[in-house]
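Please look over the sequence and the model below before reading on.

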Amino acid sequence: MRRPIIAGNWKMYKDVNEAVELANSIKRAAFDMDNVDIVICPPFTDLSDIGEMLVESAIGLGAQNCFWEKEGAFTGEVSATMLKSVGCQYVIIGHSERRGYFGETDGTVNRKLRAAVDNDLIPIMCVGETLEEREADKTPDVVRTQVTQGLKGFDEDHLGQMVIAYEPVWAIGTGRTATPEQAQEVHVMIRDLIRELYSGSFAESKRILYGGSVKPENAGELMKQEDIDGGLIGGASLKADSFVDIIKTTSRVYEGR
Ligand code: PEP
């Protein structure tokens, strides 16, 4: 059985004091959740402090982006090595807000993925269609292209613990969630594609998260789906109560499997 991950994407929220407070509350409330991997992804400015706080903790630390070069004259960018140096184990790559607002493409996602795996960071690669694409029945093609291009040139050994997050753009921050059936359908599609590109055992081992307005109220039904292996949570990860509630719900669903 795949072990679920609940990852919080804090986006551009929380200064360092607020971030430390939130991370502490999560740490206190989720200390006994031993069948779920918990990851928090605060803004860059909070990583160092939270990294120190989480030493010896089971909670993983992730960044929301990284650049592909190790160092150099790239004003405003942060490298995977730098993330590693402040205690990150994960990095979100190709979030739809990065693709939509900052011009990221499948090509840049591929380069960032390379930087992440070369530096032993676990990438959480995000894919997902817009509303327009869904309504034009293009979801399978869009997701197929994003996954195939994002993973171009990688073999199984490189990808290690890589995680994929299916995040339909129309469900992110909108309050509109994909139904469990809609999400499961795309997760199966992604797993089948991984099987086609790599092997059956690799596809079975890959964790595919769902993201898009996951809340305590809908987490249970989503996590019950066979191919949904956890969630990437935005808005609901900004409050300890709702984030921990989602973690506990996931834990209960997996206890019952
Ligand atoms: C996200 O930021 O990845 C996300 C899924 O956001 P939200 O949960 O707010 O839709």
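V109 is found in helix 5 (residues 106-118), where helices (H or I, at least four residues) and strands (E, at least two) are DSSP runs numbered from the N terminus. This is a predicted model, in which local features need pLDDT of at least 70 and side-chain atom pairs count only at pLDDT 80 or more, while totals for chains, interfaces and linings use all residues. Residues are numbered from 1 along each chain as its sequence is written, and side-chain values use heavy atoms, with hydrogens and water left out.

V109 counts as buried because its relative accessibility is 0%, buried meaning under 20% relative accessible area, exposed over 50% and partly exposed in between (1.4 Å probe, protein chains only). Leaving aside neighbours within four places in sequence, V109 is in contact (heavy atoms within 4.5 Å) with I93, G94, R99, M125 and G150.

Strand 4 runs parallel to strand 3 (residues 60-63), joined to it by 2 bridges, and two strands pair if DSSP finds at least two bridges between them. Y90 is the bridge partner of G62. Between strand 3 and strand 4 the chain passes through helix 3 (residues 80-85), in a β-α-β crossover that is right-handed; that is, with the strands pointing away from the viewer, the path from the first strand over the helix to the second runs clockwise. Strand 4 is also joined by 4 bridges to strand 5 (residues 122-127), again in parallel, and here I92 stands opposite I124.

What of the nonpolar interior? In soluble globular proteins, nonpolar side chains tend to be buried together. A nonpolar core is a set of buried Ala, Val, Leu, Ile, Met, Phe, Trp, Tyr and Cys residues joined through side-chain atoms within 4.5 Å, and the largest one here has 68 residues, with I40 and I190 making the most contacts inside it. Helix 12 (residues 240-255) gives the most to this core, with 6 residues. Apart from it lies another core, of 13 residues, among them I92, I124, V163 and L232.

Finally, there is the ligand, around which lie 14 residues, K11, H95, E167, G173 and S213 coming nearest, where near means a heavy atom within 4 Å. A polar side-chain atom of K11 lies 2.7 Å from an oxygen atom of the ligand, and a backbone N or O atom of G173 lies 2.7 Å from an oxygen atom of the ligand.

Conventions
Polar contact = N/O pair within 3.5 Å; in protein donor to acceptor, adjacent residues only side chain to side chain.
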